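Subject: Structure for you to look at

Hello,

Here is the structure I said I would pass on. Please open it first, then read the notes below it.

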Amino acid sequence: MSSNRQTMPQQSTPSYKVTRIKADSATITFNVIGYSMLTVLSLICLIPFWLIVSGSFTDELEIIAEGFKLFPNALSFEAYKSVFSNPEQIYRAYGVTIGVTVAGSLLGLLVTSMAGYVLSRKDFVYRNKLSFFIYFTTLFSGGLIPWYIMMTKHLGLKDSYWALILPPLVSAWNIILMRSFMKSIPDSIVESAKIDGAGDFRIYWKLIMPLSTPGLATIGLFLALGYWNDWFNANVFITSGDKYPLQFLLYKILSSAAVLQTNNGAYLAANIVPPTETLKMAVAVVATGPVILFYPFVQRYFVKGLTIGAVKG
Amino acid sequence: MIKEIMRNKTLFLMIAPTLLFFVLFSYIPMVGVYYAFTKFDFDGGLFGSEFIGMQNFAFLYKSGILWNLTKNTVLYNIAFIIVGNVMQIVCAVFLAQLSSKFFKKTAQSIMFLPYFLSWVLVGAFVFNLFSDLGVVNTVLKQIGLQPYDFYIETAPWKYIIVFFHIWKGIGYGTVIYLAAIMSISDEYYEAAKIDGANIFQQIRSITLPLLMPTFILLILFSLGGILKGQFDLFYQIIGNNGMLYEATDIIDTYVFRSLTINFDIGMGTAAGLYQSFFGFVLIMTVNYIIRKTREEYALF
């Protein structure tokens, strides 16, 4: 910093050329630091994925002998063959996750958008009071245990699919985000529709919803991502294996609490080491694949939602 | 009020599911904090359990559990806030100024990717890197060093936890700071260029000062949540490894274990209530400060 200050008087010398060259050398330094730092950070963000993928294509014996490494000695597809040798469990978990994600996202979108619409209506007298009623839940909560007792003892949702769908369904943040999306729709649209005799629900469904598609897409994707990645609710509520969602199955396999049903008996008979460590990696790839595939197409909606959500709702 | 409800029947019906949701899953459980003052009896339920006053809190305090949990939760959060924000600002500043559009887009997409993945996958990374057969031990063996048993040593996990927190959130924060930088008028930079300021001087005297309000605001809000622990992060990385609790147990993991392993409902609820109550006091304080200084950014 002090060296910068010392160079300042030199820069105010009348020679234009000197200043120009100085600025360029600073820009070059800046670019070198910037490009190399961001490249390194990007690599750090990618390496874990590479490790999982390369681990899933490694031979089990190689791992037992030498451990996981960046580049396996030889490619092996045994882990994937094993995963898909008896794929019912994986397919079942995929089915649960897809079902819960689709049902939860659509239902959540409906409930959130209705609430957002009502709270965005300036003529709705209780909008501030109800907004605070919703917002207060982010400030204070009863904690995990009273919530758990409510879910299981009083609502009887233990081991129910509803225990996976309900908890992430509505969130105060999504409602606030939806409200600010809808506030940007001109009031005159609602007013002119009212003069034409349209009811409140009709205005919402026929006018506001089509005009809110960017907001709906953003919040729908937030919801879908939350459902797809959710393992916590399954962890506390789901007890029967056929209701495991994908991420929870992966968690169980990683912690070796559940063993993937495979045809590993055949390996034992043939006196070959069955894939177990590599299998964990293969299941991680299979469970994460869809998110990575969709990511390039949906990323911009998230960026949009974040930049709007970052500004006060 | 009844007149208003009748008049806007449809609107009330439309918001009713949301209100019911919060009554069921937020407001009624708030009544359940009463468990914190009882010796829990499953058959007795909420009001059938024996009332024991502050005994649960007294135990948590005297046993030193509360102090350890608070210390861990707060210190981890401070590390997350400082390291996270600094990294995010640095990334945003460079991303905003570099000239290659393709590079910027690619780097931003890659750094945002971890945000979209489940915490379970982070657990898989940790397994792949640090287990007995993990990559780190493979490398240690290759360069002729002794393998390291991560599962009994507390020291490295602090850094591993902070690393993965930063790793997962860096893209998110960068997007927010980048948006703040993009809203700075180009005129400032043009004027600085004419005056002969180089790019570092521009960043020091234009970008960083103008990022200050966003930075302070984000820091203040983060401080408001400093008692909230990120359960997913700690549980997926540490799990139920009791050897590491002293350095890695936070309020949220303790409450979770009270519920699922120790079945100590009263104690767990007490720890949860302690967290909620002081969390509430903190966020109110933060909001008060913001309202006094920069009213337009106050939460309420």
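**The core**

The largest nonpolar core has 142 residues, and those that touch the most other members are A:Leu250, A:Val283, A:Ala284 and B:Ala271. A nonpolar core here is a set of buried Ala, Val, Leu, Ile, Met, Phe, Trp, Tyr and Cys residues joined through C-beta atoms within 7 Å. A residue is buried if 20 or more other C-beta atoms lie within 10 Å of its own, exposed if 12 or fewer, and partly exposed in between, with C-beta atoms placed from the backbone. Domain 1 (2-66) and domain 2 (87-261) of chain A both give residues to this core, so it lies between them; the domain bounds come from an automatic or database domain assignment.

This is a predicted model, in which local features need pLDDT of at least 70 and side-chain atom pairs count only at pLDDT 80 or more, while totals for chains, interfaces and linings use all residues. Residues are numbered from 1 along each chain as its sequence is written, and chains are lettered from A and ligands numbered from 1 in the order in which they are written.

**Two places in chain A**

A:Val283 is found in helix H16 (residues 277-310) of chain A; helices (H or I, at least four residues) and strands (E, at least two) are DSSP runs, numbered from the N terminus. A:Val283 counts as buried because it has 26 C-beta neighbours inside 10 Å. A:Val83 is 200 residues from A:Val283 in sequence, yet their C-alpha atoms are 7.1 Å apart.

Chain B has 15 helices and two strands. Of its 300 residues, 37% count as buried. The C-alpha trace of chain B spans about 75 × 75 × 35 Å along its principal axes.

Where chains A and B meet, the contact takes 83 residues from chain A and 75 residues from chain B; two residues are in contact if their C-beta atoms, placed from the backbone, lie within 7 Å. On the side of chain B that touches chain A, helix H2 (residues 9-31) of chain B gives the most, with 14 residues.

Regards
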